Amino acid sequence: MPPPGPDTLPIKTMLDGRYQLLSVMHTRGPVTLWRGDDRILARSVAVRVVQHSKPDARDSAAAARDRAAEMLLSAAIGSGRLVHPGAASTYDATSTTTDTGPVSYVVSEWVEGVSLQTLSAEGPLRPDQAATVMLAVARVLAAAHERGIHHGDLRPSDVIISGHGMVKVVDLGTGSVVAALEKGAHSQAEPWADSADLATDDVRAMGGLLYSALTGRWPLKRECGLPTAPRTSDGRTCSPRQVRAGVPRNLDALTLAVLGDDRASRPPIASAAELAEALEEIAPPEGTLDLGRVRIDDEPPMTRAMTPGPITSGYATAGYAADAAGVGPTGGHTSGGYRGGNDGGAYPVSGGRLDNGAYPGGGLGRLPARQRGAARRRGEYGSPYRQGAFASPRRVLAIMVALLITLTLIIVAAIVLTRQPQQKTPAPPGPTASPTTPVGVLLPPPTATAFDPQGTDGDENNSEAPKAVDGNAATAWTTSGYNNTDGRQFGGLPKSGVGLRLDFGQPVTIRKMTVTFGGGPTSFELRAGDAVVNDVNSYPVVVGETTAAAGTADVPVPAAAGTHRYWVVWLTKLPTVSDGRFKGSIVDMSFHS
């Protein structure tokens with residue numbers, strides 16, 4: 001448990017006149033993660049805050065918080081040494097004073113996207129996607145370890161896939177510190193600083209990430225929000241192929257090797273650099289572009305699919321065609337070696353070569369996979385597209401045909417639209433979501449309780465709360481009635497709203513909420529969390545304030561909302577009823593995953 005400290009910072013607190021705190025994402029020990037706004041550069045930022053005790057406090061709790069702040073700032077400053085496109089950047093780390101007392105804070109990049117935890121919870125990734133994501137993660141960790149920077153608490157939620165196809169790792173350098181502080185280690189002398197142990201922990205955690213991407217299960221002891229991996233009759237963790245049919249044998253063996261499992265039919269993986277080398281022979285060369293669109297429901301165009309096959313000498317997957325990466329036409333990495341010079345020539349090799357004995361392309365494209373990966377990590381080469389490597393004529397032709405078809409369709413569509421009479425379509429009633437919002441599986445009704453943390457226990461008609469989810473349009477939950485005091489909501493009381501807390505019994509992913517309001521226009525937010533806390537700010541906002549007229553509204557929930565057990569429908573503005581008071585009413589709610 002974190003040591004007792006000062007009052008929680010209020011929303012919209014400004015740090016040093018620049019960073020405004022908008023909403024609490026979660027709290028671990030004395031460290032609170034906020035989503036913030038950089039008012040100077042107009043960008044979202046992640047802000048980790050440690051509040052010091054009051055200046056006049058001289059007890060052990062005050063010393064513990066001071067030590068926690070020192071550890072967090074030291075780790076953040078160290079992580080700033082790593083500048084890598086796959087690592088969330090650290091922008092600022094300092095201490096300041098607020099109206100509630102002194103604080104220390106770290107500002108880092110806010111990464112928009114979908115976490116590996118969310119993707120794995122929705123279903124296992126295709127093997128080629130799992131390999132692509134983990135190749136990106138391994139490259140980031142390899143670069144970090146070379147600079148003495150570790151994560152120390154790597155989980156699927158720390159890997160974010162952005163909408164632009166970038167794979168980002170967050171909390172590098174600070175993850176182990178936050179984990180140590182959460183366990184109460186702030187009174188010890190840097191218990192998290194053993195770099196050898198942290199490096200090993202990172203490697204094993206990457207094995208866990210690869211396992212979860214392939215199976216949707218988590219094989220390690222520390223919890224991460226995913227179901228625990230099943231075990232064999234002798235108590236050992238099942239291999240990925242035992243959990244999910246279709247996992248290639250080479251990925252199955254590699255996963256076990258990274259986890260340090262002696263059942264792996266290959267040497268163990270002892271470093272992030274070794275894992276990156278192994279994955280460079282397996283991952284499709286253009287997988288990152290495909291995964292950037294998070295297409296997990298079908299096979300992407302112009303990307304070779306991985307198919308299960310026997311283990312080969314180079315641990316590549318059977319079924320790949322020959323290309324400039326050195327993969328032979330019969331599958332697996334070629335056993336022969338080859339070299340390329342700056343003159344554009346290539347020395348012929350045995351196995352996997354073209355008819356003229358040369359490999360296509362120049363620069364990085366002519367290096368074997370292992371040498372190419374090592375060269376990229378050393379910074380000697382960039383992408384083959386930037387270094388002059390040429391795509392095959394067949395691929396160039398395919399791209400040109402695709403562009404021509406796209407251009408033709410655009411022209412035809414423009415002609416059709418210009419010939420049709422323009423008609424105005426009346427706007428749909430209410431501020432609900434687009435009718436194209438996909439409908440998934442209807443979730444079982446949750447347990448509903450009235451949630452009024454800023455009021456008196458027992459208020460807000462808690463006994464009627466189940467009526468809001470009973471599927472009966474003749475029943476409803478209503479709030480208390482609040483006097484209309486100069487137009488101020490909630491009778492001028494110091495409260496931001498009231499609502500219902502919904503317990504689904506286990507973490508669930510919600511993609512759409514359907515809610516029916518009674519009385520009149522009602523403004524509300526959807527919040528979510530994973531614990532019963534009597535503080536609305538402990539449940540981060542996942543759908544911002546929305547106003548709906550009386551009747552039924554469909555509310556889309558973004559994928560970034562994640563998976564949570566508790567969801568809060570928070571009413572921020574109530575309608576006026578016949579007696580002139582403010583009073584809200586929820587007739588029914590349903591939720592789709």
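**View 1. Thr118 and its contacts in the predicted model.** Thr118 touches Arg511, Ala559 and Gly562, leaving aside residues up to four places away in sequence; contact means heavy atoms within 4.5 Å. Thr118 sits in helix H2, residues 116-122. Helices (H or I, at least four residues) and strands (E, at least two) are DSSP runs, numbered from the N terminus. With a relative accessible area of 6%, Thr118 is buried. Buried means under 20% relative accessible area, exposed over 50%, and partly exposed in between (1.4 Å probe, protein chains only). This is a predicted model, in which local features need pLDDT of at least 70 and side-chain atom pairs count only at pLDDT 80 or more, while totals for chains, interfaces and linings use all residues. Residues are numbered from 1 along each chain as its sequence is written, and side-chain values use heavy atoms, with hydrogens and water left out.

View 2. An open sheet runs in the order E7-E8-E9, with antiparallel pairing. Two strands pair if DSSP finds at least two bridges between them. Strand E7 (114-115) and E9 are the edge strands, each pairing on one side only. Two bridges link E7 and E8. Val114 stands opposite Ile161 in E8. H3 lies across E8 and E9, at about 40° to E9. Axes are lines fitted to C-alpha atoms, for helices over the stretch in contact, and angles run from 0 to 180 degrees between N-to-C directions.

View 3. The largest nonpolar core has 51 residues. Such a core is a set of buried Ala, Val, Leu, Ile, Met, Phe, Trp, Tyr and Cys residues joined through side-chain atoms within 4.5 Å. Val137, Met206, Leu251 and Leu254 have the most contacts inside the largest core. Elements giving it two or more residues include helix H3 (127-146), helix H5 (195-215) and helix H7 (249-258). H3 supplies the largest share, 13 residues. Apart from this core lies another, of 36 residues, among them Ala450, Ala548, Leu574 and Phe582.

**View 4. Strand E13 and its two partners.** Six of the seven residues of strand E13 (512-518) are buried. Six bridges join E13 to strand E16 (551-556), antiparallel. Here Lys512 has Pro556 as its bridge partner. Seven bridges join E13 to strand E18 (585-592), also antiparallel. Thr514 stands opposite Ser590 in E18.

**View 5. Cys224 and Cys238.** Cys224 counts as buried, at 10% relative accessibility. Cys238 is buried too, at 11%.
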